[in-house]
Amino acid sequence: MKKLFPLIKNRLGLFIIGAITGVASGFCTSRVITMIKTGLDSVDNINENFIFQIIGYSIIATILGIGSGYFIAKITSIVIRQLTQNLSEKILKANYEYIESASSRIVPVLTRDITMLSEFINRIPQFLVSVTTVVATLYVMFLSDWKLTSFFMIAFVLQIIMVASTLPLVRKLTRNSTKYNNYLYRDLSNLVSGLKELSLNEARRNDYISLVISENLKFWNKSEVRRKVLLETNDRLSDLLVFIFSGLLMYAGATILPIDFYQFKVILPTILFLIPFTTKIASFFRLKSGAMVSLEQIHKLGLDVDKRKIESSEQLKPNHESNVPILKFSKIKFQYQTQQHENPITFGPLDIAFKKNNITFIIGGNGSGKTTFSKILTGLYIPISGSIQYYDEEVKMENLISYRNLFSAYYADSHVFEHLSHIEASYLEEKADNFINMLEMESKVEIEGDTFSTISLSYGQRSRLALIANMLDNKDIYVFDEWAANQDPYFKGIFYHKILPYLKEIGKTIIVISHDEKYFEVADEIIELQEGMINSKTP
Ligand SMILES: Nc1ncnc2c1ncn2[C@@H]1O[C@H](COP(=O)(O)OP(=O)(O)OP(=O)(O)O)[C@@H](O)[C@H]1O
């Protein structure tokens, strides 16, 4: 509960109302049970008043129980919304390279773990009703026959000890099962992204199912079966405990203990009435064990992304008039974090300057570092040393977000968002049709309000749509990472001879990663990379 407090502290009022109604519902339920006991005590107690009270308390208990569920469900939805939003914001503000490499961990936390936590919080009303019912009923019974009630209480205490003693094991098994479930999420997302390859190749498909998916499923199932068997055994044993204990008590009453058998007959049904409630209490604690593992995962991801948070609120305010390059890299070095321990490839040191309003081509063989370079350039990757200047201003962590905002970039795996609401409406209205026409997409797509009418297009058409979205961004610097690679010769021509000159004409600075030698003459400058270093520069 301590760990949950920070989540609910903003809605403490609502939580207290939910808790009070839950407790009140438990009191009413307990009242119904003890009324039934008075009916069993003596037939004389059963009259009109008796039945009205039973019906009345039952209805009030139900209404209060539903009310408590409503208040707590409201808090749950708020907590889950805040948690998902906060985590999503943190993820988007964290070091991009880290998020890129940890992407397979993020989805299970944002889906499975948050759902698990929400299920647990939603069970709080049921828990409060059950605890109050059990405690209040036992209290009333204790007042009427303290000796016999104390004997039964021993059974409940044993039940609690049994459930509590298995909780560490439940948590350990849940952690284990979560680990394999994470692998399964990763494998299933690879299955979706590799659908084409798996659908076309039977041997690969069979291998993927039998070696990868089934293997992890096997481990996951094994740990799940262990966990579920433990929970089930625990449930059955705790019911059994009350039954055996009642039998033994009866036997002891007949032989050694001074027990009033008339009272025993009256109290026993009441005790049996309490069993479903004690089962709910036990299942709440087990659910809590699972939810705490989920909370651990959520916290861990939160801490990990927090550690890599980019604190960057300063704006770049360079002197645009200064007669210096728009971007200048001095001795920039970069290393992938994932490769830091095994033969790391170090990029750089790179010394490059980009002139404003120039078209610069970055060329080089496969693996020479062009895409890596473009990600350093756009501020997605953070260099380990060296400096980047935007005009006369140094780019630092504090102004990195402002720096990233200078760019619109196209990457081969760029996602095309339908929504364009971030673009100023007047600019969208003025330019969208023009750009759609330039890329000859007018028969395929139009702007409906502030969204593209469709993104269900061919691969090449989707790249053209992504380029339209880039142009609508209206940024100062454009980076195109092999945009033309999947275009037919006609649209390659449009890109190099129409779009790039147009962007230059309206004052943009353009950096193009390209293998299209035929169009190299479009460039004002060509930089060739080799093994993460500059091999040559033209002119
Ligand atoms: N996410 C990554 N993690 C670790 N190393 C990477 C990662 N991406 C690329 N690399 C390494 O960096 C090197 C350069 O890759 P990069 O993608 O920058 O090359 P490229 O010039 O764009 O190649 P291509 O022309 O094939 O697109 C590669 O040799 C690769 O081993």
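Helices (H or I, at least four residues) and strands (E, at least two) are DSSP runs, numbered from the N terminus. Residues are numbered from 1 along each chain as its sequence is written. The model is predicted: local features need pLDDT of at least 70, side-chain atom pairs count only at pLDDT 80 or more, and totals for chains, interfaces and linings use all residues.

Start with residues 54–73. This stretch is 100% helix and 0% strand, and its end C-alpha atoms are 28 Å apart. UniProt, in an unreviewed entry, lists residues 54–73 among those under "transmembrane region". UniProt positions are in the numbering used here, feature names are shortened, and annotations may be inferred rather than shown by experiment. Residues 266–285 are 100% helix and 0% strand too, with end C-alpha atoms 30 Å apart.

Now take helix α9, residues 261–307. Its 47 residues reach 66 Å from first C-alpha to last. That is close to the expected 69 Å, which is 1.5 Å times one less than the number of residues. Where does α9 bend? The bend is at isoleucine 275, by about 30°. This is the angle between axes fitted to the seven residues ending there and the seven starting there. Proline 276 follows within four residues.

Next, step back to the domains. An automatic or database assignment gives domain 1 (5–307) and domain 2 (327–538). Their centres, taken over C-alpha atoms, are separated by 52 Å. Five residues of domain 1 are in contact with five of domain 2; contact means that C-beta atoms, placed from the backbone, lie within 7 Å.

Twelve residues surround the ligand, each with its C-beta atom, placed from the backbone, within 6 Å. The closest are Tyr336, Asn366, Lys370, Thr371 and Thr372.

Note on methods:
Two residues are in contact if their C-beta atoms, placed from the backbone, lie within 7 Å.
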